[in-house]
Amino acid sequence: MTVSLLVILLYLCLLPVISITLARQPRKDLPPWAICLSLVATETSTLTIVSVPGVAYLKGYVFVGLAAGYLVGRIAVALWFLPLHERGATSIYRYIGQRFGTKLQKILSGTFLATRLVAEGVRLYAGMIPVSILFVSMGYAVPDLLLLVLIVLLTLAYTVAGGLRAVVWSDSLQLGLYLGGSIACLAVIWSRAGVAPFHWAPVFSHGMPPFTDPFSIAGAVVGGAILALASHGTDQLMLQRCLAAKTLNGARAAMIGSVFIVGLLFALLSCIGVALRDLLPGQGAKPDALFPQFILTLPPVLSGLLVAGILAATMGSLSSAMNAMAAATKADFLSRAKFSLRGLTVIWAGLLVLTALLFSRPNGSAVVFGLSIASYSYGATLGVFLLAMIGRSRDEKAAIFGFVSAVGTLGLMSFVRIEGHAIAFPWLVPAGVTATFAGAKVFSGLRRISLKK
């Protein structure tokens, strides 16, 4: 275990140095391939690395099916959403401010900040678990708070020092680490058990009531496409990277290319999960603990690399979130104040540690929990963007009423059960869009009636 720990420490020392060095190169624009890798590193995170093998252990290659829907959604984002924003824009919600007004712009930005804080807190805690397990196996019970603070401080160091460029370059390096670690893990499984564990498993699940299974054909392809439209078309965290591209075509290439890398990562991690059925039978009660437990049985160097890969996923999404949240806060709320981006980044880092402690133990799969949190706001936000893009009215009050209607509808849907099952996260987004349009239409109609009186 000492070797594993040394590998992790070496990674933690080298990452900030390499990231800041690359960020300070004379070249000003970020290449599309680096933006593409950064997008993948940002959206996948620790929840993906830890949870996807557990989901595959229980259900098969269902996350690969979800990637099919993602492809459709991202093509739509590349064609219709990316041209809405200027290259280098600090906040994507400025478009809403231009179409409706600054009040709605602030509401959307505030919603992004609140939901991102909770989602990233869950990701941060999930990324700490394998490191904690490693320390316990060595006889050291390190407090959760201490590990969380250390991870955040290391991430904060290069985020503050190098800005968005350092974040993008570090994301690219980190994605390479956990992609390589996943391939190495598959090689070890192959050497131990041969081809037998890599048997057939379903790509789409079935058997649950309609609208309750996120991995059914309709849920993955239709719901997944609309979810991708919202997550990559209306989220500051994702679009901020594409707006750093020099040209619109470069941003489009990064957006569409990212889904193929996500699909590859889903396939690799799903293969690991399916293979663990034979190597660790009867362990499905706590699926998120399967992969971290298996990592500890690997050779020390590989074990250290994989734990470092999980840390990489954590730090990649964490640095992206801190940078995006600071930028949105500055642009949408404090544009006239004297707060610096670095100071705001530090403040959000502290809030993320507190949130990680509060939302540290979700029931079920952590990755599904994280996607569900985001989906509650994505539907309302996407609805407002679509109102701005295709609606004729520029009535800010009607759009705000539509947004509030969608949030209320989605809140009520969280209590709905179909044969004991909650509504699956891919369907929350289209429900939110529908409620936004309906709410705006009702408000406009009622106001016309009141004016006639």
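Y93, L108, T111, F112, T115, R116, T234, D235, A374, S377, Y378 and T381 line the second largest cavity of this predicted model. Two elements give two or more residues each to that lining, namely α5 (102–137) and α13 (366–390). Helix α5 supplies the largest share, five residues. Sorted by class, the lining of the second largest cavity holds five nonpolar, five polar and two charged residues. Among the lining residues, R116 and D235 belong to the charged class, since Asp and Arg count as charged.

The space in this second largest cavity comes to about 110 Å³. In the model as a whole, three cavities of 30 Å³ or more are counted.

The other feature to follow is a pair of helices, α2 (residues 32–59) and α3 (residues 62–81). Their axes come within 9 Å and cross at roughly 135°.

On the α2 side, the contact is made by E43, V52, V55 and K59. On the α3 side, V62, F63 and R74 take part. By class, the contact of α2 with α3 has four nonpolar and three charged residues, with no polar ones.

How values were computed
Residues are numbered from 1 along each chain as its sequence is written. This is a predicted model: local features need pLDDT of at least 70, side-chain atom pairs count only at pLDDT 80 or more; totals for chains, interfaces and linings use all residues. Side-chain values use heavy atoms; hydrogens and water are left out. On a 1 Å grid over the protein atoms alone, a cavity is a set of points where a 1.4 Å probe fits but cannot get out, and a pocket is an open set with protein on both sides within 12 Å along at least five of seven lines; lining residues have an atom within 4 Å of a point. Grid points are joined across faces, edges and corners, and a volume is the space filled by probe spheres set on the points. Helices (H or I, at least four residues) and strands (E, at least two) are DSSP runs, numbered from the N terminus. Axes are lines fitted to C-alpha atoms, for helices over the stretch in contact, and angles run from 0 to 180 degrees between N-to-C directions. Contact means heavy atoms within 4.5 Å.
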